[in-house]
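Me: Hey, I'm new to this one. Could you put it up and walk me through a few spots?

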Amino acid sequence: MLVGYSSSSSSEEDGEAGGEAEGAKNQSETTCRKCQEEDDGLPTRKKHKTEEESPKSRLPLPSCVLAMFPDEVDSQTEDSSLHGGRIRSFKHERGNWASYVYFPYHPEEEFGELLDGILSAACARGVVLTAQDEFHLSLSQTVVLRHHWIQPFTQSLKSSLTGCKRFVCSAGRLRVYSNAEKTRTFLGMEVSTGHAQLLDLIRAVDRTMTEFRLETFYKDPSFHMSLAWCVGDQTVQMEECMQELQSLVDDHEDGPFVLRLDCSELRCRTGNKTFRFPLES
């Protein structure tokens, strides 16, 4: 609720009352000065105008209080050297929560062994990749939610997903991706089955995004799971060794490796909070 403040006629009355009392006040001050002269035996020193008008010095606020309301974001949160050289797509601000919708993937031992082989082969070709900390299939762009939006946003998302069924999708073809700012390059595994069901979910998620005036998903999405990344735009270098990397997937121990993702529970990560949305069986 916006509360406005306006002056009232009482201020004029206060002014008039102050005017009537001015004479008595001046007389009292004259008497005090005279008494002071008689007591000290010295004439009262006149103060300079600037000295009379100077405000009283204020005690500094304790450092613990200043730390509660920093003027700028902690420089460490923006230091790319602390995040493997990664650069934020948008500046971190207090009260803004980076948020996205996704399906999690829990890797098995076979997947880990394959990924180690891919990273070693890429490194031998001069492309140093860093494995993802966790693996997931994105169903939204990364958007910014204000803290007070989180509850209504997740409630809206839950309503939008009503009637959506669980399914299984698979992936096995490697592809190179980069972010919009060209600050990072990714090696991903593209989805080959389950595309239609994923598009249905995208439409549901986009309804909530539109309601909150946030960016919807890409118009012609390439559904994939990012495996590893490197800093900068190294698309050309990675494309040059893609055939060798794909052969590691196709010629795996017992035949081509196929990544299977159980799409039974959609999740929304916003800041350090994770919300779960089980799909219907």
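Predicted model: local features only at pLDDT ≥ 70, side-chain atom pairs only at ≥ 80, totals over all residues.

Me: Where does Arg213 sit?

Reply: In the loop between helix H7 (195-211) and strand S7 (224-231). Helices are DSSP runs of H or I with at least four residues, strands are E runs with at least two, and both are numbered from the N terminus. Arg213 isn't a glycine, yet its phi is positive, about 55 degrees.

Me: And what about phi of Lys182?

Reply: That one is near 60 degrees, again a positive value in a residue other than glycine. Lys182 lies in the loop between strand S5 (167-178) and strand S6 (184-193). Its relative accessibility is 44%, so Lys182 counts as partly exposed.

Me: Switching to helices: how do H5 and H9 pack?

Reply: H5 (residues 109-124) and H9 (residues 242-250) pack at an angle of about 160 degrees, their axes 10 Å apart. The axes are lines fitted to C-alpha atoms over the stretch in contact, and angles run from 0 to 180 degrees between N-to-C directions.

Me: Which residues in H5 and H9 meet?

Reply: Leu114, Gly117, Ile118, Ala121 and Ala122 in H5 meet Glu244, Leu245, Leu248 and Val249 in H9, where contact means heavy atoms within 4.5 Å. By class, this contact has seven nonpolar residues, one polar and one charged.

Me: What angle do H6 and H7 make?

Reply: About 145 degrees, with the axes of H6 (residues 150-160) and H7 8 Å apart. From H6 come Phe153, Ser156, Leu157 and Ser160, and among the H7 residues in the contact are Ala204, Val205 and Arg207.

Me: Zooming out, how many helices and strands are there?

Reply: Nine helices and ten strands. The chain has 281 residues, and 32% of them are buried.

Methods:
Residues numbered from 1 in each chain as written. Heavy atoms only, no water. Nonpolar A, V, L, I, M, F, W, Y, C, P; charged D, E, K, R; others polar. Buried < 20%, exposed > 50% of the residue type's maximum accessible area, 1.4 Å probe, protein only.
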